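Take a look at the fold and its surface. Then turn to the charged side chains.

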Amino acid sequence: MKMLFRQRITFDFRHWEITGDWLGWNCRIMDGSACVAVITKRLWKLTDTCEIDVVNPDDVPGTLMVVLAINAVKCSQRQ
């Protein structure tokens, strides 16, 4: 299913492209046509909780860096 409102972020880090829905709760990190990781925000939790599914264990540190960067941008936009 395609979403009508999508955000797209490109990092210089490994040329990964991050695409998510308009609320930013679900993201997919792609390296060309290969999926690197899927990030899903879990609703109905007392705190912000994300599930991160990384395809290659070597990409875990980079994926965590991307998640933290996205979270930092979102937090700064709320203020």
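The paragraphs below go from the overall fold to a pair of side chains.

This is a predicted model: local features need pLDDT of at least 70, side-chain atom pairs count only at pLDDT 80 or more, and totals for chains, interfaces and linings use all residues. Residues are numbered from 1 along each chain as its sequence is written, and side-chain values use heavy atoms, with hydrogens and water left out.

Start with the elements. The protein has five strands and one helix. Their order from the N terminus is β-β-β-β-β-α. Both are DSSP runs, numbered from the N terminus: helices are H or I with at least four residues, strands are E with at least two.

Next, packing and surface. Of the 79 residues, 25% are buried. Buried means under 20% relative accessible area, exposed over 50%, partly exposed in between (1.4 Å probe, protein chains only). Contacts are heavy atoms within 4.5 Å. Among contacts with a separation of 6 or more, 21% join residues 24 or more positions apart. The protein exposes about 6100 Å², and carbon and sulfur atoms supply 58% of that area. Areas come from the Shrake-Rupley method with a 1.4 Å probe; for residues, only the protein chains shown count as cover.

Now the charges. Side chains of opposite charge can pair when their charged atoms come close. A salt bridge here is a side-chain nitrogen of Lys or Arg within 4 Å of a carboxyl oxygen of Asp or Glu. The count is one. Which side chains meet in the salt bridge? They are those of arginine 14 and aspartate 59, at 2.6 Å, N to O. The pair links distant parts of the chain, 45 residues apart. Arginine 14 lies in the loop between β1 (6-10) and β2 (17-21), aspartate 59 in the loop between β5 (49-54) and α1 (60-78). Aspartate 59 is buried, at 16% relative accessible area. Arginine 14 is partly exposed, at 40%.
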